[in-house]
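Open the model in your viewer and keep the selection tool at hand.

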Amino acid sequence: MIFELNTFYIKAVLWIPPPHIVNYSRAGIMLFMGAVSMREQYEFMSNPLCKRFGQQSWVAVSILVTECMIVYKFGYETISKPFPPHVIAFWIAFVVIALGWSFWNFTYKLPRRRRTASGREVSESYEETNQRRTSKKE
């Protein structure tokens with residue numbers, strides 16, 4: 001995603017018009033190089049026998065770092081502007097809601113209520129519910 005962000009910033013900071021050949025060339029190079037680079041990165045991360053980070057991956061990382069330095073050098077006043085308060089409030093609310101939902105959904109487990117054959121409500125935990133379900137299947 002930083003490659004796409006760098007594309008936008010390089011066009012804005014260096015005043016390159018969108019239909020310019022440099023933009024199309026860069027997009028094509030990143031497309032074909034990125035496919036090989038992603039394959040090498042996936043192999044490095046998923047295969048315990050792979051001990052080396054691929055050459056194309058190193059090239060992609062170096063291009064990414066170089067583009068970030070160009071944007072930082074020539075467009076510091078653009079990237080250092082503070083965010084508007086409503087954008088900050090939205091992101092804070094989003095992060096709090098996402099973390100709260102994750103905590104609620106994955107760690108905090110409420111007991112379930114079910115009715116027995118006699119009509120009485122019984123509270124049980126998730127583990128008890130799963131144990132009862134698996135014992136019925138067998």
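Contact here means heavy atoms within 4.5 Å. Helices are DSSP runs (H or I, at least four residues), numbered from the N terminus. The model is predicted, so local features need pLDDT of at least 70, side-chain atom pairs count only at pLDDT 80 or more, and totals for chains, interfaces and linings use all residues. Residues are numbered from 1 along each chain as its sequence is written, and side-chain values use heavy atoms, with hydrogens and water left out.

Select residues 2-13, helix H1. H1 has 12 residues and spans 16 Å from first C-alpha to last, close to the 16 Å expected at 1.5 Å a residue (1.5 Å times one less than the number of residues).

On the H1 side, show Ile2, Phe3, Asn6, Tyr9, Ile10 and Val13; they meet Ala60, Ile63, Leu64, Glu67, Cys68, Val71 and Phe74 of H3.

Now colour H1 by burial. Asn6, Tyr9, Ile10 and Val13 are buried (under 20% relative accessible area, 1.4 Å probe, protein chains only). They cover an arc of only 100° around the axis, which puts them on the same side of H1; the arc is that of the directions from the helix axis to the C-beta atoms. The buried residues of H1 pack against H2 (21-46), H3 and H4 (76-79).

Last, select Trp15, in the loop between H1 and H2. Phi of Trp15 is positive, near 55°. Trp15 is exposed, with a relative accessible area of 76% (exposed is over 50%).

Technical notes:
Axes are lines fitted to C-alpha atoms, for helices over the stretch in contact, and angles run from 0 to 180 degrees between N-to-C directions. Helices (H or I, at least four residues) and strands (E, at least two) are DSSP runs, numbered from the N terminus.
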